[in-house]
Amino acid sequence: MDWLLQIFDPGAIGAFFTQFGNEMQQPAFWLAVGKIIWINVLLSGDNALVIALACRGLQPQQRLWGMILGAAAAVILRIIFTGIVATLMVLPWLKLVGGLALIVIAAKLLVPEDEDDGVQSASHLWAAVQIVVVADIVMSLDNVIAVAAAANGSVPLLVLGLAISIPLIVAGAALIMALLNRMPILVWAGAALLGWIAGGVIATDPAVHPALQRFFDGPVGVGLDAMLGTLGIAPRFTGGGHAGEMVCALIGVIVVLIAGMIWRRRKLHHVAQPQ
């Protein structure tokens, strides 16, 4: 909650821009921004369609304002909710829960969705904005968890990544959906990215990380370091190295792809069955 209380504090605002300027100079910052944009593009296609469906009943002169105001409200709420989740993830076990939820989200990304949208159109501007905001809150839990994990506690990353990606989705929803339909490999790659992030999140949970370090500081880590040393790769498992986290991230990718393939196959088989 401190994250919310400090939003309008002048000192916190100044510290935010200082942190923002420092992080922008690091290549890792822009890599993380790219991850957040990609995650939002993959997970927010339904949100963009909700905006279009909710505004379809408005008068032409109000339709644009409905989309702009609805998207703006969605951006603000998404940043606030993601900030809350990112703050809570420093507590023990919550990263583990968030990582497991992210694995399910990533696997579900590979499953064909039902065609029924169930979104009503609004007859006036503020009704459309309310529909968009409520729908975004209900539908955006997966986005919030994924983006909070990708930002790894960096508020500038949250703000910049979401501020760029959500208007991009609203403006180019049709183009983005067509691109993803024509190049399904992008969806699979996105699911793998989410699996990698999920594994890394679980590995860095305050309750999990010490046990992981103890495990890789033992005979397993020593053996792996010795094997990698013969290949000319510097030891990274023992002595506080991060190779254990990379192993967990790789396991996350494998679990997501296998679970997604099984889930997808069952869904396609169910759809193919005569009703």
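Because the model is predicted, local features need pLDDT of at least 70 and side-chain atom pairs count only at pLDDT 80 or more, while totals for chains, interfaces and linings use all residues. Residues are numbered from 1 along each chain as its sequence is written, and side-chain values use heavy atoms, with hydrogens and water left out.

**The chain as a whole**

The chain has 14 helices and zero strands, where helices (H or I, at least four residues) and strands (E, at least two) are DSSP runs numbered from the N terminus. Of the 275 residues in the chain, 43% are buried, a term that means under 20% relative accessible area, with exposed meaning over 50% and partly exposed lying in between (1.4 Å probe, protein chains only). Among contacts (heavy atoms within 4.5 Å) between residues at least 6 apart in sequence, 81% join residues at least 24 apart. The accessible surface of the chain, computed by the Shrake-Rupley method with a 1.4 Å probe, comes to about 15,000 Å², and 71% of this belongs to carbon and sulfur atoms.

**Helices α12 and α14**

Helix α12 (residues 209-216) packs against helix α14 (residues 243-272) at an angle of about 110 degrees, and their axes lie 10 Å apart; these axes are lines fitted to C-alpha atoms over the stretch in contact, and angles run from 0 to 180 degrees between N-to-C directions. The two helices, α12 and α14, are therefore roughly perpendicular to each other, the term for angles of 65 to 115 degrees. In this contact, H209, L212 and F216 of α12 meet G244, E245 and C248 of α14, and the residues divide into three nonpolar, two polar and one charged.

**Aromatic pairs**

Two aromatic pairs are found in a search of the whole structure, a pair being rings of Phe, Tyr and Trp (its six-membered ring) whose centres lie within 6.5 Å, and edge-to-face meaning planes over 60 degrees apart. The table lists both pairs.

| Pair | Centre to centre | Angle between planes | Type |
|---|---|---|---|
| F29 and W30 | 5.2 Å | 90 degrees | edge-to-face |
| F215 and F216 | 5.1 Å | 80 degrees | edge-to-face |

F29 is buried, with a relative accessible area of 4%, whereas W30 is partly exposed at 41% relative accessibility. In the other pair, F215 is partly exposed, with a relative accessible area of 46%, and F216 counts as buried at 8% relative accessibility. F216 also belongs to the contact described above, where F216 is one of the α12 residues that meet α14.

Methods
Angles under 35 degrees count as roughly parallel, over 145 as roughly antiparallel, 65 to 115 as roughly perpendicular and the rest as oblique. Ala, Val, Leu, Ile, Met, Phe, Trp, Tyr, Cys and Pro count as nonpolar, Asp, Glu, Lys and Arg as charged, and the others, Gly among them, as polar. Rings of Phe, Tyr and Trp (its six-membered ring) pair if their centres lie within 6.5 Å; planes under 30 degrees apart count as stacked, over 60 as edge-to-face and the rest as tilted.
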